[in-house]
Amino acid sequence: MALDGIRMPDGCYADGTWELKMHVTDLNKDVSLRVTGEIHIGGVMLRLVEELDVKKDWSDHALWWEKKKTWLLKTHWTLDKYGIQADARLLFTPQHKLLRLQLPNMKHMKVKVNFSDRVFKAVSDICKTFNIRHPEELSLLRKPRDPKKKKKKLEGMEEDSLELEGPLLTPGSGSIYSSPGLYSKTMTPTYDSRDGSPLSPTTAWFGDSPLSEGNPSILAVSQPISSPDMLVKLYKPQSLLDKAKINQGWLDSSRSLMEQDVKENDVLLLRFKYHSFFDLNPKYDAIRVNQLYEQAKWAILLEEIECTEEEMMMFAALQYHINKLSIMSSDNHMNNSEKEVDEVDAALSDLEITLEGGKTSNTLGDITSIPELADYVKVFKPKKLTLKGYKQYWCTFKDITISCYKSREEAHGTPALQMNLRGCEVTPDVNISGQKFNIKLLIPVADGMNEIWLRCDTEKQYAHWMAACRLASKGKTMADSSYNLEVQNILSFLKMQHMNPDPQFIAEPINTDINPECLVSPRYLKKYKNKQVSPGRPFWPGHIRDLISARILEAHQNVAQMSLIEAKMRFIQAWQSLPEFGITHFLAKFQGGKKEELIGITYNRLIRMDAGTGDAIKTWRFSNMKQWNVNWEIKMVTVEFADEPSLAFICAEVDCKVVHEFIGGYIFLSTRAKDQNESLDEEMFYKLTSGWV
């Protein structure tokens, strides 16, 4: 005892104890305790609370090791087991902290989130609070920084202008109708599947959720863009490289927020990360459908995804229609709260507008044979410095192969050209007004991709051949049950784009509530302005606005009879039909390559892309993949396939963990089925995405 209290050079005391320094964030107070390495974490926290002698609920508090960026959550572990010594500084801080989430509809909500949970678990809790099913499809993204805006003051002003703070939400106290898992056979319908309105008043709509105290319309009902200034202020990627840089910001789902330097009151974006939407059902998913619609809407307006002029007008018309019905729906919510919905009618409506179902034919085809296509189709093989155009062939489509013959009479002989479409890239090239119905095929070969263009004469012919090509690229034939639905979806998509001839001159402004600057991307506004400003052509400031309004009204005629929920579903379907849909870009350098290129990841394949043009160079299907590995030291991802050479690339400007997680995440989503239990297999997700679990 004589040596008790004498401090040795290594920081320990003669009796084997040493001082552990801790900072209590709630009290902004430093505390030191004399401990030994054998004391467990729970004992440290107990002694700390006794030392503070402050009457307070400390149950949510835990110890955070700043230097190692790790939570000390295993309270039965000793200090020695964690490797904590006298030089460590620990924080005693709440696990639940405030986070400002920007939802897909660009509105901000303050949410209390567990900063010690893995991000995957934190997102699941957030989605349960918001009544969004299938949280595995969403994740958190850091806000992209516009390189043109250097002043932080301007960024702050922009943020405040978009701010719409909702009620303070705490995950875990969500709706009684919330479904934490993939699929529930006993879920209670909460929305009318025909118009998306609640089947009961708002309090029952959100149950005991804190959302019932606030304004639920910001989640379930789309709100029109109030001012064109919003489009000007928001960040718009100018190139594929900009899009790739945005994807650097995805958080690691296997680590906590604190481990990734997220601070209290930081702004994070809640977004649909994986573009594979499972069991999207209007009866249960009004909030999920609306947020998906909002993410699609902003992606188009901010030019994150390319579309043609006709498609832009179709999207604008759907937006205009949804805005009108949303205002009417908000007014009628309470009036409709007592109405009864026939379950059979609702089920039939679901079949018509759910993304996984559709109108089925009244007659069943012959299930013993695989359907075939045979018709005259124009074929073109583009090559550099060629002047040759399309050449007409008699083409037959059997299984997943297209055979081209010089004439119909030679169809039983040897084809002049034959294409196996398994693993190919299928891209539409359509112009309704110009009656152009092209299908661009990039067919994988040993040294890259062969490019073939098909030209159809009519919409009907195009729909059947395009549907067959899309299925064949996945290794499916026209006997697949989704073929007829795919044909109908393509025809519906084309029908919505039909317009009357462009009005050449508008004598007086259109008296309407359309605000085209909020419905059309800046690029198309500029394009229309350039069209109209020419010598000898009448022009005044409102002319462009009226011209675009007239085009939107023409397109609106094709969608005017749709219900609110159907219009949103159609918008999502049209978004999914765009060639660039669902491709997440990353900058990479491929093994053997001399320059940086793009790697594109979708729900079923990897794409090697030209960084300048975005053209596909080579495609690899997940279904053909044996395994993938990561060399964490050199950040190299290696993918092995069943019947072709392995793929290896080094990630540039992004942690390879992000790319690894996208591949594993999509494979995890592909295992989902409606007949499995309601809980998510979190451990399986971590095994597929973490790389080190």
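Why does Glu597 count as buried? Because its relative accessible area is 8%, and buried here means under 20%, with exposed over 50% and partly exposed in between (1.4 Å probe, protein chains only).

Quick background, folks. This is a predicted model, where local features need pLDDT of at least 70, side-chain atom pairs count only at pLDDT 80 or more, and totals for chains, interfaces and linings use all residues. Numbering runs from 1 along each chain as its sequence is written, and side-chain values use heavy atoms, with hydrogens and water left out.

So, back to Glu597. Its side chain meets that of Arg608 in a salt bridge, 2.8 Å from N to O; by that I mean a side-chain nitrogen of Lys or Arg within 4 Å of a carboxyl oxygen of Asp or Glu. Glu597 sits in strand E18 and Arg608 in strand E19, eleven residues apart. Helices (H or I, at least four residues) and strands (E, at least two) are DSSP runs, numbered from the N terminus.

The whole structure has 28 salt bridges. Take Arg133 and Asp285: their closest N and O atoms are 2.8 Å apart. That pair spans 152 residues, joining the loop between H3 and E8 to the loop between E9 and H9. Both Arg133 and Asp285 are buried, and they belong to a salt-bridge network that also includes Glu136, Glu137, Asp279, Arg288 and Arg672.

Then there's Glu303 with Arg523, at 3.7 Å, N to O. These two are 220 residues apart, with Arg523 in helix H14. Glu303 counts as buried because its relative accessibility is 14%, while Arg523, at 40%, is partly exposed.
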